[in-house]
Amino acid sequence: MTIREEDLYRLYAHIGSPYSMKMRAVLRYRRIPHVVMGQMSDWAHAFKQVRVPVMPVLEYPDGSFQNDSTPLILDLEKRHVDRSVIPEREADAFLAALIEDLADEWLSKAMYAYRWAFPEHTQWTGRLIALDQLFGTGSPSSVVERAGHDFETRQVGRNELVGCTEANMPMLMSIAERVLDALEPNVVEQPFLFGSRPSNADFALLGQLCQFTLDLAALEPCQKRAPYTMRWCHHVHDLSGYEGAWRAEGTPVSPAVGALLTLAGEAYLPFLVENLKALELGRDEVRIDAHGLTYAGTPFKYQARCLAALRSGYEGLSGDARDEVDPVLDGYGCLAPLRS
Ligand SMILES: N[C@@H](CCC(=O)N[C@@H](CS)C(=O)NCC(=O)O)C(=O)O
């Protein structure tokens with residue numbers, strides 16, 4: 001089969017960007033014809049075409065540009081029918097959206113902490129990401145080192161803004177541990193959250209977790225704690241030849257989904273609710289206590305929109321889907337925050 005140039009999507013992306021790896025894995029699994037644009041000179045052009053210049057950006061075959069992985073994945077569902085990543089059953093599709101969000105917005109804080117809050121590793125992380133950014137440009141290593149240093153300084157300087165403070169470290173590490181513990185038996189037995197077929201939630205988890213296989217502060221503890229999950233990442237990067245099936249009707253949600261919903265009910269959803277409250281009251285701090293630990297950070301409008309999207313997704317469920325999903329959500333403490 002020859003792929004025609006006019007059918008190609010272009011993904012402006014790089015290895016060290018979790019959301020880039022999430023999108024690349026979706027495009028590969030779905031067999032959507034695409035190329036990955038890994039050069040910084042190409043990114044500048046793509047960033048000019050979108051409202052918020054964050055990575056990755058997807059250029060459609062018609063030459064339009066969009067970003068933000070969650071709506072992008074949904075938009076691709078409308079354009080391509082085969083190998084959907086949205087679970088067939090409405091109730092599971094909602095649970096998958098919730099877990100996707102948890103991976104993108106809560107696990108991502110652990111990812112950022114492992115990357116930028118361990119001072120003994122940030123120099124090399126900066127340099128390696130600079131290599132990604134300058135790959136193929138023939139830049140001498142002194143240029144890579146300088147760019148690495150500048151990137152490291154910028155990213156370390158953002159630790160506080162994204163909540164990667166010393167005081168939050170126990171909470172951030174516990175997010176990573178809880179996610180790894182949830183997935184470790186599942187990746188062997190299933191290997192995905194909603195059966196043997198990967199969903200948007202699995203790809204969102206991949207985006208963050210695959211960074212743990214790259215960053216030195218994460219690599220050793222995560223490899224020790226969840227070796228199969230670290231390996232799972234390398235499978236999920238390219239599932240283009242893989243076939244799976246959604247879980248059978250009438251079976252209970254997997255223990256992995258249960259454990260992730262516990263994390264959502266105990267910490268992530270309360271965080272989203274407090275974030276919204278802080279914004280409404282004009283406070284400059286959002287604070288939650290969960291699993292005996294504390295998180296305090298800056299409130300974000302984007303995360304208020306995440307809560308609104310989850311609530312409207314819940315609101316839009318059919319009666320049958322609600323009958324199925326309500327006892328599950330309630331059992332894990334997720335129902336009340338989604339209803340208010
Ligand atoms: N919600 C967005 C998040 C994208 C995002 O935050 N991308 C990061 C890189 S992984 C970024 O570009 N951050 C801005 C920056 O580094 O300036 C998505 O799901 O795509």
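1. The loop between helix 8 and helix 9 is the place of Ser196, where helices (H or I, at least four residues) and strands (E, at least two) are DSSP runs, numbered from the N terminus. The model is a predicted one, in which local features need pLDDT of at least 70 and side-chain atom pairs count only at pLDDT 80 or more, while totals for chains, interfaces and linings use all residues. Residues are numbered from 1 along each chain as its sequence is written.

2. Is Ser196 buried or exposed, or does it fall in between? A residue is called buried if 20 or more other C-beta atoms lie within 10 Å of its own, exposed if 12 or fewer do, and partly exposed in between, with C-beta atoms placed from the backbone. Ser196 has 14 other C-beta atoms within 10 Å and is therefore partly exposed. Not counting residues up to four places away in sequence, Ser196 touches Gln190, Pro191, Gly244 and Ala245, a contact being a pair of residues whose C-beta atoms, placed from the backbone, lie within 7 Å. Leu131 is 65 residues from Ser196 along the chain, and the C-alpha atoms of the two are separated by 36 Å.

3. Pro191, one of the residues that Ser196 touches, lies in the loop between helix 8 and helix 9. The peptide bond leading from Gln190 to Pro191 is cis, with omega near 10°. A cis bond is also found from Met55 to Pro56, with omega near 0°, and Pro56 belongs to the loop between helix 2 (40-47) and strand 3.

4. Which residues surround the ligand? They are Ser17, Pro18, Tyr19, Val54, Met55, Asn67, Asp68, Ser69, Thr70 and Asp104, where a residue is near a molecule or strand if its C-beta atom, placed from the backbone, lies within 6 Å of it. Helix 1 and helix 3 (69-79) are the elements that give two or more residues to this shell. By class, the shell has 4 nonpolar, 4 polar and 2 charged residues; Ala, Val, Leu, Ile, Met, Phe, Trp, Tyr, Cys and Pro count as nonpolar, Asp, Glu, Lys and Arg as charged, and the others, Gly among them, as polar.

5. Asp68, one of the residues around the ligand, is placed in the loop between strand 4 and helix 3. Although Asp68 is not a glycine, its phi is positive, at about 90°. Asp68 is partly exposed, because it has 19 other C-beta atoms within 10 Å.

6. Two packed helices are described by the angle between their axes and the distance between the axes. Helix 1 and helix 3 pack at an angle of about 10°, with their axes 10 Å apart; axes are lines fitted to C-alpha atoms, for helices over the stretch in contact, and angles run from 0 to 180 degrees between N-to-C directions. Helix 1 is therefore roughly parallel to helix 3, given that angles under 35 degrees count as roughly parallel, over 145 as roughly antiparallel, 65 to 115 as roughly perpendicular and the rest as oblique. From helix 1, Tyr19, Lys22, Met23, Val26 and Arg30 meet Ser69, Leu72, Ile73 and Leu76 of helix 3. By class, this contact has 6 nonpolar, 1 polar and 2 charged residues.

7. Arg31 lies in the loop between helix 1 and strand 2 (34-37). Its phi is near 55°, a positive value in a residue other than glycine. Arg31 has 13 C-beta neighbours inside 10 Å, so it counts as partly exposed.

8. In helix 11 (residues 227-236), the residues Thr229, Met230, Trp232, Cys233 and Val236 are buried. They lie on the same side of helix 11 because they cover an arc of only 150° around the axis, the arc being that of the directions from the helix axis to the C-beta atoms. These buried residues pack against helix 1 (18-30), helix 8 (169-189), helix 9 (200-212) and helix 10 (216-225).

9. Arg10 is found in strand 1 (residues 9-12). Although Arg10 and Met37 are 27 residues apart along the chain, their C-alpha atoms are separated by 6.5 Å. Leaving aside neighbours within four places in sequence, Arg10 is in contact with His34, Val35, Met37 and Glu59.

10. Asp62 sits in the loop between strand 3 (57-59) and strand 4 (65-67). Asp62 counts as exposed because it has 6 C-beta neighbours inside 10 Å. Ala267, in helix 12 (residues 255-281), is buried, with 23 other C-beta atoms within 10 Å.

Definitions and conventions:
Two residues are in contact if their C-beta atoms, placed from the backbone, lie within 7 Å.
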